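Dear colleague,

I am passing on the structure below for your records. My notes on the ligand site and on one helix pair follow it.

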Amino acid sequence: MSLLKTENLTFIYSVGTPFEHTALKNINVELDRGELVGVIGGTGSGKSTLMQQFNGLLKPTEGKVYVDGVDIWGPGVNIRDIRFKVGLVFQYPEYQLFEETVAKDIAYGPKNMGIEGEELTNRVKEAANFVGIKEDMLEKSPFELSGGEKRRVAIAGSLAMRPEILILDEPTAGLDPKGREDILRRIKEYQKETGGLVVIVSHSMEDVAKYCTKALAMSEAQIYMYDDVEKVFEKTDDLVEMGLAIPQISQVMKELHGRGIDVNTNIYTVEKAKQEIIRLLGGKRA
Ligand SMILES: Nc1ncnc2c1ncn2[C@@H]1O[C@H](COP(=O)(O)OP(=O)(O)OP(=O)(O)O)[C@@H](O)[C@H]1O
Ligand SMILES: [Mg+2]
């Protein structure tokens with residue numbers, strides 16, 4: 001059974017008003033444990049809306065969302081419990097920090113779940129450590145931190161709830177390349193350690209190629225494709241048409257191929273390109 005599943009999911013904002021807008025059209029998708037899914041798609045394609053459906057922040061206009069086989073809007077289901085199981089980190093979550101100290105901010109979610117005492121303290125420390133927040137920062141006010149540190153604190157707040165499904169809406173937006181890489185590495189580690197499902201919305205195809213196992217491409221309120229990263233990225237021309245920029249390294253390989261060099265064009269990371277070029281050179285390092 002899939003961990004997360006939608007069935008004919010349609011969502012319309014502001015039904016019956018001049019602002020009515022269909023953000024999701026008949027979405028059928030199944031996401032499994034053990035995957036790190038990268039969600040890509042042009043602006044306004046419905047990515048954030050779908051993420052909010054996944055953890056029950058928005059209710060379908062039609063269709064169903066299942067978490068571990070349970071219809072999250074079915075009778076007798078407490079939606080709060082679903083939100084504990086499916087952690088959602090919003091885009092720019094640092095604007096949602098509001099407690100007096102970093103520790104209290106990280107503790108907010110698990111405390112709401114009823115966790116207290118030593119276990120709460122341990123979870124806070126563990127989550128802070130996981131995202132690279134040092135212990136001496138825990139008693140500081142979140143407002144004393146840099147933007148990147150705040151982002152880490154916000155992510156730690158979700159990790160401390162240990163959700164089986166962790167969803168992050170553009171977790172690296174606005175971070176520098178080093179910070180981006182560090183956060184993504186830690187998110188990947190969380191997925192591996194828990195064996196659960198992690199879903200990341202990203203505008204960077206490079207990041208999706210490097211870290212994710214699957215890619216979910218959205219276009220105009222629908223899923224264009226959900227498959228292994230390589231399979232989705234094979235459809236380069238379609239992705240470009242959807243307004244997505246393919247990784248620079250893929251463009252380089254295509255260009256080389258176009259100039260008559262016998263390289264594989266199905267390459268999305270610098271590491272793979274390196275291997276391919278070494279292969280072309282007859283296995284010798286240049
Ligand atoms: N509260 C709302 N009322 C009406 N329409 C909305 C509302 N929120 C979002 N929309 C519309 O729904 C569509 C999908 O929005 P959504 O935020 O899910 O897109 P997205 O793929 O996350 O885009 P981005 O990459 O810019 O974050 C957009 O056309 C948006 O304008
Ligand atoms: Mg969005």
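In this predicted model, ligand 1 is surrounded by 14 residues, and the closest of them are Thr43, Gly44, Lys47, Ser48 and Thr49. Sorted by class, the shell around ligand 1 comprises 10 polar, 3 nonpolar and 1 charged residues. Two elements, strand E2 (21-31) and helix H1 (47-54), each contribute at least two residues to the shell. H1 gives the most, with 3 residues.

Several polar contacts involve oxygen atoms of ligand 1. In the side chain of Thr43, an N or O atom lies 2.5 Å from a ligand oxygen. For Lys47, the distance from an N or O atom of the side chain to an oxygen atom of the ligand is 2.7 Å. Ser45 takes part through its backbone, where a polar atom is 3.2 Å from an oxygen atom of ligand 1. Taken alone, ligand 1 exposes 640 Å², of which the protein buries 65%.

The second topic is the packing of two helices. Such a pair is described by the angle between the two axes and by the distance between them. Helix H5 (residues 147-159) packs with helix H6 (residues 177-194) at an angle of about 5°, and their axes are 12 Å apart. Since angles under 35 degrees count as roughly parallel, H5 and H6 are therefore roughly parallel to each other. On the H5 side, Arg152, Ile155 and Leu159 make the contact, meeting Gly179, Asp182, Ile183, Arg186 and Tyr190 of H6. By class, this contact of H5 with H6 has 4 nonpolar, 3 charged and 1 polar residues.

With kind regards

Terms used: Residues numbered from 1 in each chain as written. Chains lettered and ligands numbered in written order. Predicted model: local features only at pLDDT ≥ 70, side-chain atom pairs only at ≥ 80, totals over all residues. Heavy atoms only, no water. Near = heavy atom within 4 Å. Polar contact = N/O pair within 3.5 Å; in protein donor to acceptor, adjacent residues only side chain to side chain. Areas by Shrake-Rupley, 256 points an atom, 1.4 Å probe, with all protein chains shown as cover. Helix = DSSP H or I, 4+ residues; strand = E, 2+ residues; numbered from the N terminus. Nonpolar A, V, L, I, M, F, W, Y, C, P; charged D, E, K, R; others polar. Axes fitted to C-alpha atoms, helices over the stretch in contact; angles between N-to-C directions. Parallel < 35°, antiparallel > 145°, perpendicular 65-115°, else oblique. Contact = heavy atoms within 4.5 Å.
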